[in-house]
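Please report on the structure shown here. Keep to the elements, the contacts and the surface.

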Amino acid sequence: MNPRAPAGSAVEQTELRWLSSADDGTHRAVHRLVSAVMADRGAVGWLGVPTYPETVDWLDGILTAVAADQARLAVVTAGDRIEALGRWVRYEKPTVARNA
């Protein structure tokens, strides 16, 4: 919960979580979100709406990097529904490695 949000606001109902694993429900929720963004011409990394197996492979790849301490994946939930996500990936380039 967001303690600074006005009572009754939509922001008050959201929660930030860090994912380290995904079950079928999480895969489906992320696929729904990525598909909606892509259907609205958002830039997520595909040329079109990905298939469910493509989303599962992508998410599992990120979670493999999370398990190796090379990435983090944040999701914003409203109730049980994933509404947003963001990832951070460690890069070994000298220009960014010291900030990783």
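Where does Thr55 lie? Thr55 lies in helix α2.

## Basis of the model

This is a predicted model: local features need pLDDT of at least 70, side-chain atom pairs count only at pLDDT 80 or more, and totals for chains, interfaces and linings use all residues. Residues are numbered from 1 along each chain as its sequence is written, and side-chain values use heavy atoms, with hydrogens and water left out.

## Overall layout

The protein chain has three helices and three strands. Along the sequence they follow the pattern β-α-α-β-β-α. Helices (H or I, at least four residues) and strands (E, at least two) are DSSP runs, numbered from the N terminus.

Of the 100 residues, 25% count as buried. Buried means under 20% relative accessible area, exposed means over 50%, and partly exposed lies in between (1.4 Å probe, protein chains only). The chain exposes about 6900 Å², and carbon and sulfur atoms supply 53% of that area. Accessible areas come from the Shrake-Rupley method with a 1.4 Å probe; for residues, only the protein chains shown count as cover. Among contacts with a separation of 6 or more, residues 24 or more positions apart account for 47%. Contact means heavy atoms within 4.5 Å.

## The strands

β1 (14-19) and β2 (residues 71-78) pair in the antiparallel sense over six bridges. β2 also pairs with β3 (residues 81-89), again antiparallel, over eight bridges. Two strands pair if DSSP finds at least two bridges between them.

Leu16 stands opposite Val76, and Val76 stands opposite Ala84 in β3. The hairpin of β2 and β3 has two residues between the strands. There, Gly79 takes a positive phi near 70 degrees.

## Around Thr55

Is Thr55 buried or exposed? Thr55 counts as buried because its relative accessibility is 1%. Its side chain makes a polar contact with the side chain of His31, at 2.7 Å. A polar contact is a pair of N or O atoms within 3.5 Å; within protein, one must be able to donate a hydrogen and the other to accept it, and residues adjacent in sequence count only if both atoms are side-chain atoms. Leaving aside neighbours within four places in sequence, Thr55 is in contact with His27, Val30, His31 and Pro50.

## Asp23

Asp23 lies in the loop between β1 and α1. At 48% relative accessibility, Asp23 counts as partly exposed. Its side chain reaches the backbone nitrogen of Thr26 at 2.8 Å. Asp23 and Val56 are 33 residues apart along the chain, and their C-alpha atoms are separated by 10.0 Å.

## Aromatic rings

Rings of Phe, Tyr and Trp (its six-membered ring) pair if their centres lie within 6.5 Å; planes under 30 degrees apart count as stacked, over 60 as edge-to-face and the rest as tilted. By this rule the count comes to one aromatic pair. Trp46 and Trp58 form that pair, edge-to-face, at 5.5 Å centre to centre with 65 degrees between the planes. Trp46 sits in the loop between α1 (24-39) and α2 (52-67), and Trp58 in helix α2, twelve residues apart. Trp46 counts as partly exposed because its relative accessibility is 21%.

Two arginines lie over ring faces. Arg28 lies over the face of Tyr52, at 4.6 Å from the ring centre. Arg72 lies over the face of Trp18, at 4.2 Å from the ring centre. A charge sits over a ring if NZ of Lys or CZ of Arg is within 6 Å of the ring centre and within 35 degrees of the ring normal.
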